[in-house]
Amino acid sequence: MPSSYAAAAASSSRKPAPFTTATATTRKPAPLPAPAPPPSNPSHVSDSDPSSYSSSGEETDLSACDPATASVLSTYLSVAGNGADLSKVGIFLNSAARRRSPPCLICLDPIRPSDPVWSCSASCFALLHLPCIQSWAHQSASAAPAPTWGCPKCRVAYPKSQTPTSYHCFCSKTEDPPADPWILPHSCGDVCGRRLNSNPDSGCEHTCLLLCHPGPCPPCPAVVPNARCFCGAHREPRRCAHQRYSCKGKCNKRLSCELHRCPVDCHDGPCPPCAVRGNHRCECGETMVERLCSERVFQCKRECSGMLECGKHKCERGCHGGKCGECPLRGQRTCPCGKKDYPRLECDVEAATCGSTCEKVLGCGRHKCPERCHRGPCDVTCRLVIKKSCRCGVLKKELPCHQDLTCERKCQRLRACGRHACKRRCCVGDCPPCAETCDRRLRCGNHKCLSPCHRGACSPCPLMKTISCFCGKTYFEVFLVGPRRIRNLPNAQKDAI
């Protein structure tokens with residue numbers, strides 16, 4: 001860490017003089033600057049969305065326009081200089097320093113400086129009421145299949161464990177920060193101290209030098225004397241936030257093929273696959289095909305048919321490289337049921353049956369093979385006669401294990417619609433959804449519900465009707481609703497419907 005960066009971080013732990021609470025009763029604080037008059041440009045955005053402000057004009061000289069903003073930026077500017085990139089931070093600082101009260105995106109009530117709030121720290125940094133976001137998170141997590149909830153503005157997913165439980169300042173160091181008229185609302189007034197870059201590959205280990213502030217932290221202002229480009233061929237002094245850069249020259253790194261070098265300009269991340277074309281042989285060496293160098297290792301469709309190490313059996317694998325390997329029949333062998341060992345049996349001699357019962361588990365998973373030790377697979381069909389019950393439990397009968405037993409009793413339970421019986425034979429209680437059509441008359445009084453039979457009220461009529469004024473110049477479409485909705489329309493529109 002440069003000495004100037006460390007000294008500035010140490011000296012910034014105190015609140016700035018213009019924002020220190022006066023101890024003497026005769027000393028009165030300087031009045032806050034009056035808010036700027038609304039711009040004449042009609043395209044100016046509202047205060048409800050600070051992140052949509054333009055990055056030009058009012059935030060080009062943040063240190064000179066407002067004392068609160070100047071105090072927050074003073075330590076940072078002493079290290080980074082006046083040419084630092086503070087456009088994103090200035091958008092949020094300008095709104096907070098002017099004591100504007102943007103509305104909460106959930107309840108639409110203004111957020112006052114004394115209200116407990118929560119700020120989205122993942123993406124949009126939107127400011128919301130703490131009780132509003134708590135209710136939003138509980139409802140979203142209970143309704144979603146996964147225990148997560150999303151920010152109402154940027155929709156970034158948070159786990160249920162990160163549901164806010166208390167009111168913290170922007171840097172999360174102080175719980176329930178007191179309302180101080182000499183610092184920004186919802187701020188503790190101390191140095192932010194958050195990591196400027198959480199990416200471990202960035203190489204930045206510095207922390208934010210601003211006072212506790214809304215919005216994102218600015219780029220790291222420290223200077224790296226010998227910052228290397230992506231390919232490592234060029235070095236130059238750069239800001240820590242921009243120490244990873246491209247020198248615009250050829251990358252020239254050795255590719256994964258270990259034969260060619262990367263022809264792309266200096267870039268971040270791994271090099272692309274080698275695109276040099278050539279004639280390459282398959283792994284077994286029988287087929288030669290023109291392919292990309294990155295795909296030079298491939299297998300043809302030819303079977304190996306080479307001899308194993310025993311010299312008596314052929315390899316049954318497909319195209320492969322290297323030796324075919326040992327014979328799988330060499331070494332200790334057993335009878336087909338596995339109860340008797342033959343330690344010195346040659347690989348070309350079949351193992352004899354032992355004569356005992358096989359006892360391998362059959363396909364039913366409950367019974368064992370009753371036949372004597374035999375070669376080949378056991379019979380898949382279990383023919384053992386057992387006493388079985390039907391699915392609903394009304395009928396019991398002795399049948400072979402592989403046969404299912406069902407009775408003729410019809411289920412009389414009501415389906416999910418609450419109107420029709422199940423009527424399925426031998427039902428175990430998992431009645432399927434009702435397949436009947438609802439066919440109830442809709443509120444419009446002209447059509448019937450075509451949805452599957454359901455509980456509760458039917459959906460509104462999906463058909464629409466075009467209504468117009470008497471001269472026909474103005475018209476719009478409305479849903480065919482019931483009489484209650486029609487009574488709320490003007491008389492001319494009622495007549496058109």
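**Charge pairs, a pocket and aromatic contacts**

Asp265 is partly exposed, with a relative accessible area of 40%, where buried stands for under 20%, exposed for over 50% and partly exposed for the range in between (1.4 Å probe, protein chains only). The model is predicted, and for that reason local features need pLDDT of at least 70 and side-chain atom pairs count only at pLDDT 80 or more, whereas totals for chains, interfaces and linings use all residues. Residues are numbered from 1 along each chain as its sequence is written, and side-chain values use heavy atoms, with hydrogens and water left out.

The side chain of Asp265 meets that of Lys250 in a salt bridge, with N and O 3.7 Å apart; the term stands for a side-chain nitrogen of Lys or Arg within 4 Å of a carboxyl oxygen of Asp or Glu. Both residues lie in the loop between S6 and S7, so the pair ties together parts that are 15 residues apart in sequence, and Lys250 counts as exposed at 57% relative accessibility. By the salt-bridge rule, the count comes to 10. Another of these pairs joins Arg244 and Asp268 at 2.6 Å, N to O. Arg244 and Asp268 both lie in the loop between strand S6 (235–239) and strand S7 (277–281), so this pair ties together parts that are 24 residues apart in sequence; strands are DSSP runs (E, at least two residues), numbered from the N terminus. Arg244 is partly exposed, with a relative accessible area of 42%, and Asp268 is also partly exposed, at 49%.

A further salt bridge is formed by Glu408 and Arg425, whose closest N and O atoms are 3.0 Å apart. The two residues lie in the loop between strand S12 (396–400) and strand S13 (464–468), so the pair ties together parts that are 17 residues apart in sequence. Glu408 counts as exposed at 58% relative accessibility, while Arg425 is partly exposed at 40%.

Strand S1 (residues 117–119) gives the most to the lining, with 3 residues.

Trp118 also takes part in one of the 3 aromatic pairs, which are rings of Phe, Tyr and Trp (its six-membered ring) with centres within 6.5 Å, counted as stacked for planes under 30 degrees apart, edge-to-face for over 60 and tilted for the rest. The pair of Trp118 and Tyr158 is edge-to-face, at 5.7 Å centre to centre and 75° between the planes. Trp118 lies in strand S1 and Tyr158 in strand S4 (residues 157–159), so the pair ties together parts that are 40 residues apart in sequence. Trp149 and Tyr158 form a stacked pair, at 4.8 Å centre to centre and 15° between the planes.

Key:
Helix = DSSP H or I, 4+ residues; strand = E, 2+ residues; numbered from the N terminus.
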